[in-house]
Amino acid sequence: MRPACVVIFCLFSYFLLGQTPKMKLFTSADGLPSSNVYSVIQDTKGYIWLCTDKGVARFDGYSFESFTVQDGLPSNDIWGITEDHNGRLWLSTYDQLTYFQENKFHTLSLPGKIQLQGFINHHYIKRDTAHFFTAEPGPSLFQIEGGQEGHFSIRTVSHNDLDSFPFEEHSLLYLGRDAQKKAWYMAFLGPSTKKIVLLKEEAGCYEPCIVIDDEYINRNNQVINYEDKIIFHSRKKLYSFDFDAIQIKITAILFEEDCSILSISKLGEDKMLVITDRGNRIVNKNLELINDIDFIKNMTINTLFEDKENNLWICTPSGLYFLPSKGRKSKSFLFSSERSNNEITTLNFNGTGQLLIGTISGQLYSLDSNFKKINLTWNSIPSQEPIFEILPRDNGDLLIGHNVGISVVKKTELEKGVITRDRLLYNLDNTIFNLQNDSHYVALSVKDIATWKNQYYLIAFSHGINILEEEAFHTLPCYRGRGKWKRAHSIAIDGEENLWIGRKSGLYYLPNFRNEEAKEEKSDFFMPVNDIKIRKNRQIWIATDGFGLYRMNGKEFELIPETQNDIINSLYVDYNSNVWMATNKGVKKLSIRQEFPLIYNIQKFSVAQGLASNEVNRIIVDRERIYIGTKNGLTILEKNGDDEHIVHPELLIKNIRINDRDTSVERTYQLNYFQNNIKLEYVCFSYKSLGDVRYYYQMTGVDTVWRSTFSLEQSYPLLPPGEYEFRLQAEDIDGLRTEIQTIKFIILSPWWERGWVRGLFLLLFATLVYGAMQWRIKNIRQKTEERNSIEKKFAELELQALQAQMNPHFIFNALQAIQEFIFDKDELLANRYLVKFSRLMRLFLESSKEKYILLCDEIQLLSLYLELEKMRFSDKFDYIITINPDIAIDLLEIPSMLFQPFVENAINHGLVHKKSKGLLSITITQEKNDLVCLIEDDGIGRKKARELKQKSYQSYKSRGMKLVQERQNVINFIENANIKINIRDLYDKNGQALGTAVQIRIRINFIDR
């Protein structure tokens, strides 16, 4: 028999109804100078300025920058700021006219006749003129003109007609112009008469146009200026003065009879905040009550402000409250007075549209469309155990998945208010047993429950998975014992009845789960899985524990890049097939525009949209609302908020540092080559995003593609000379992008690399090249001339050698020998000698025409010469010419008449003076690439020959050897013939001269045939 328990209906017990949206509170701990915030404005750049009793602060959505008297403020007590058309911010403070411009505070020096006393109460600013006036001890009006380069003209405005009004003392309430800017209006308050007089200025004179008599008028009334009217108040009423109609509209009493209006302040372009001693209200400029911000009714407020994104800033004595525009329509619910017990673990709808809520502390709640709550309290286990799943059955019962098992709550008993709790737990062999009746209880934590065609329950346990038949809660026989001891976190079935199981070790599947033969298999997905959802019966979406969202595309797993590194606790697929993700960074909605290839949009929801916390466990969506279960309670967002007016964020490049020095922000920079260390600082003014802004940037010349970051600065060190363009765009939390901002950098080359310098260098180089070419040409000409001179000299040397060989002495001796042959009537010998002589002369003449002759011709010439000399000296000597047979004498060329002078010296100076018959040996061999000619004689030697030459007289001076040496040098220089000549004397063992040896070495030169 199952035990029963009583359900306690505790409406609103430990429960704060969600009429108060989630707001972010900024205090001095966040960087404000003081938590007592007087007022707030947004300047034209996008900064939020806050006035406090301890200084002012500037907020860019990321951090506060505080300013005090140490930064130039005249006083730390600043209660208002007004911006003029030149971007100057004028401060409301004591005794000083101070403005902020170009990151610096400036205090005006007043002329000697002008003195400020008390606090500056109002500003009226137009394009070129600013009016300031004080209210203590009486009205003092000052007009300031100019302001170019900090130079102002300051004077007191005189109103002589004011003296005709019978006010003991008067206070100036308002100064302004009508919509057509034709006339000035001023409102004065007389404290003794309790009247407000509106004066109209025409032609420099002031005339009263309206006099208001109200016993509740006081001196501290505020005035709000709109384009076509002004609003002021007494203690009981609001007054609206229309410039065009020159008439007053008076409101009825806003609250109870005894309430008092304490102050009014402008809120946006058409609304204002009215603060009374009975609460706060929003009224439009037509004095009609607006209730869209009713949660501020009982707050203690100094002022209220709406920025350009329609975010709400609430200034209070205890801090600055910030509410994003979309957060106004959010509702947050807390389910316990203890912060630690407000975590929502699961959400679902029942058959009647009620929202079912399970908490970390084991509480079960029901919330209807009117946000009426029912709390179901468990009297015993599992009352303190977390609820992870709530699954409505078709019969109206609830299937509850606990940390220790499963419970069933009956529909009939829910309707009666008394609920019987059924406990179903499963032991290791999957049989059902009751906790009270079985002492062998093993707790199985339920992680996920799903249904299949209303026939089966799919249950993921801490110890595996199970499949139950819906009607009788019996374990399906085909799956008994499978997945045992394998912790499962999620489970789903696709359209082909494949069972998909998510575990910390990855993704598993069971083909056709009703097939008894089917076996569980491991997929190729190895990351930890938190949840699985099937989209359109076949598309499998996988939520991972720290690795983002994946889509299974066939056998491939495709990561959604915008979710990388996200911890996705659960998924939800809505009626439009959008995929919702509950992550540790808020909620992300993936809207698919095209399936293959995948094209989609990502939308984010975080505390900036009113979430109670960014740590989200569950999400569920209907056609009107988004229900988000967070670590700090339940948040409900209205979906029609998506249709609000779209306001794109603004992007500001705050600062550009060049070589670590701040510069004024320009659109184009021309820098020297050494000014190449660039750092850019920027910010996107999207306060609703609370810092969740992605920046896209590209530096052309450095980046080939756009890059993304969350950083607020980019650095580019050591840029080479060239032209660069920095492009920047920001994307806020709603996916809205700013316009692209561009900054151009031109880094000049070093002076030595610039165009004119390069041109000069080019000209100089061309001049040098031209000079070098001219020098080269001159050098070539000179060398050519030298070569020609050498060749000419060579020819002359050859001629001289010929002449030396054909010297008169030789010719004379030859002819004398012929004559002796004739005288001796030896005609045959004379004829033979004459024939040989003529042949020798012909060969000499032919060889003298060429620089080179064949070796065979040179040998023939030497042979004829030796025969004649032997005949002339009557066989005084013999000669031998030996040639290596391997030498191709008819192919080798040598310098002409190179050997003959050495042969001649051997005969004339060595052999002729020898007493006995001598021997001349000529040997020609080849050593590698050289031709070697060895000329040896066994004559008297060079020393003895020189002695005889000195004693004798010769009719001519022989120059044969000198000519040979000159020819050797010339040929080596011109032809690179590498001729080497070595002369040595021969001696016997006793030191007696044995003759002379001459070795001539010539590089082999083959003729081309």
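Predicted model: local features only at pLDDT ≥ 70, side-chain atom pairs only at ≥ 80, totals over all residues.
# A guided tour of strands and loops

Residues are numbered from 1 along each chain as its sequence is written, and side-chain values use heavy atoms, with hydrogens and water left out.

**Stop one: a hairpin**

Now select residues 261-267, which make up strand E23, and residues 271-276, which make up strand E24. Strands (E, at least two residues) and helices (H or I, at least four) are DSSP runs, numbered from the N terminus. E23 and E24 pair in the antiparallel sense over 6 bridges; two strands pair if DSSP finds at least two bridges between them. In general, strands of a sheet pair through backbone hydrogen bonds, either parallel or antiparallel.

Is E23 mostly covered or uncovered? It is mostly covered, with 5 of its 7 residues buried. Buried means under 20% relative accessible area, exposed means over 50%, and partly exposed is in between (1.4 Å probe, protein chains only). Next, click on Gly268: in this hairpin, which has 3 residues between the strands, Gly268 takes a positive phi near 75°.

**Stop two: an open sheet**

Select E3, E4, E5 and E6, the 4 strands that form an open antiparallel sheet in that order. Strand E3 (37-42) and strand E6 (64-67) are the edge strands, each pairing on one side only. Neighbouring strands here are turned by 20° against each other on average, direction ignored. For that angle, axes are lines fitted to C-alpha atoms (for helices, over the stretch in contact), and angles run from 0 to 180 degrees between N-to-C directions.

Zoom in on E3 and strand E4 (residues 48-52), which run antiparallel and are joined by 5 bridges. Which residue in E4 is the bridge partner of Ser39? Select Cys51 to see that partner.

**Stop three: loops to look at**

Most residues other than glycine have a negative phi, and most peptide bonds are trans. Select Ser577, in the loop between strand E51 (568-573) and strand E52 (579-583): its phi is positive, near 65°. Ser577 counts as buried because its relative accessibility is 15%.

Ser874 lies in the loop between helix H5 (855-872) and strand E68 (877-883), and its phi is positive too, near 50°. Ser874 counts as exposed, at 62% relative accessibility.

Finish at Pro597, in the loop between strand E53 (586-594) and strand E54 (599-605). A cis peptide bond joins Phe596 and Pro597, with omega about -10°.
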